[in-house]
Amino acid sequence: GRVRGGQLGVRGLQRLELAAQRVVIGVTDQGVVEGVIALVVEADLVGQLWLGQTAPLGWLFLQRGMLLAFGTSEIALRFVPVLFGLATLAATVWIGRRWMTAFGGAALTSLCASGWVAYHFLELKQYSADVFWGLLIPVLAAAAVEPINAPPQPRLRRVTAWWTLATIGQFFAVGAILVTPASALALLAIVLLGSRLGIIIV
């Protein structure tokens, strides 16, 4: 056990050294280093990460796929976080157009495009995926039960689609794990208790 673990550790450090040589000089962000370690060392991809870091397995697989396909350039390493960041902004535009006034929609998009939220769109971390799924899952739950007086069969199809997307989200974001239970309870209350309660919740 110890010998095999040591061998895996040596191979992991060798791969890490090769990957580090290809990272753009001057990059000192700890998240980049942690991400490279998690992605390059195959033995640790589904185990404990360095320094006790954690990330959803689906997100790690996406990052590893980018690394294997396009190398360890800055663009390849940050593509997935930026993609989720852009998807978050697109989701805010859709939410604003569907449920909010022009001012409210602009305010929501501005909040998601500024501060620490936008900062993590460019970091080699899963936080942009957390924001995306954490925002999208409750909104899709509300959309699944609209309109309140919708026929049962179309609503059932939309609710089934919501459960499918919510399940997929669990593999990519901790944010999805946090918001899915409350969203599911709200959705269940609307479906089971009728349109009057649904109006209050939605």
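When I speak of the axis of a helix this morning, I mean a line fitted to its C-alpha atoms over the stretch in contact, with angles taken between the N-to-C directions. Please keep in mind that what we have here is a predicted model.

Let me begin with helix 4, residues 74-99, and helix 7, residues 127-144, which pack at an angle of about 30° with their axes 8 Å apart. Since angles under 35 degrees count as roughly parallel, helix 4 and helix 7 are therefore roughly parallel to each other, and the crossing that helix 4 makes with helix 7 is left-handed. On the helix 4 side, the residues that meet helix 7 include Phe-84, Ala-87, Ala-91 and Ile-95, while among those contributed by helix 7 are Phe-132, Trp-133, Leu-136 and Leu-140. In this contact of helix 4 with helix 7, 16 residues are nonpolar, 4 are polar and 1 is charged.

Across the whole structure, the search finds 4 aromatic pairs. One of them joins Phe-132 and Trp-133, edge-to-face, at 5.3 Å centre to centre and with 75° between the planes, and both Phe-132 and Trp-133 are buried.

Which arrangement do the rings of Trp-162 and Trp-163 adopt? Their centres are 4.9 Å apart and their planes stand at 75°, so this pair is edge-to-face. Trp-162 is buried, at a relative accessible area of 3%, whereas Trp-163, at 42% relative accessibility, counts as partly exposed.

Notes: Residues are numbered from 1 along each chain as its sequence is written. This is a predicted model: local features need pLDDT of at least 70, side-chain atom pairs count only at pLDDT 80 or more; totals for chains, interfaces and linings use all residues. Side-chain values use heavy atoms; hydrogens and water are left out. Rings of Phe, Tyr and Trp (its six-membered ring) pair if their centres lie within 6.5 Å; planes under 30 degrees apart count as stacked, over 60 as edge-to-face and the rest as tilted. Buried means under 20% relative accessible area, exposed over 50%, partly exposed in between (1.4 Å probe, protein chains only). Axes are lines fitted to C-alpha atoms, for helices over the stretch in contact, and angles run from 0 to 180 degrees between N-to-C directions. Helices (H or I, at least four residues) and strands (E, at least two) are DSSP runs, numbered from the N terminus. Angles under 35 degrees count as roughly parallel, over 145 as roughly antiparallel, 65 to 115 as roughly perpendicular and the rest as oblique. A crossing is left-handed if the near helix is turned anticlockwise from the far one by less than a right angle, and right-handed if clockwise. Contact means heavy atoms within 4.5 Å. Ala, Val, Leu, Ile, Met, Phe, Trp, Tyr, Cys and Pro count as nonpolar, Asp, Glu, Lys and Arg as charged, and the others, Gly among them, as polar.
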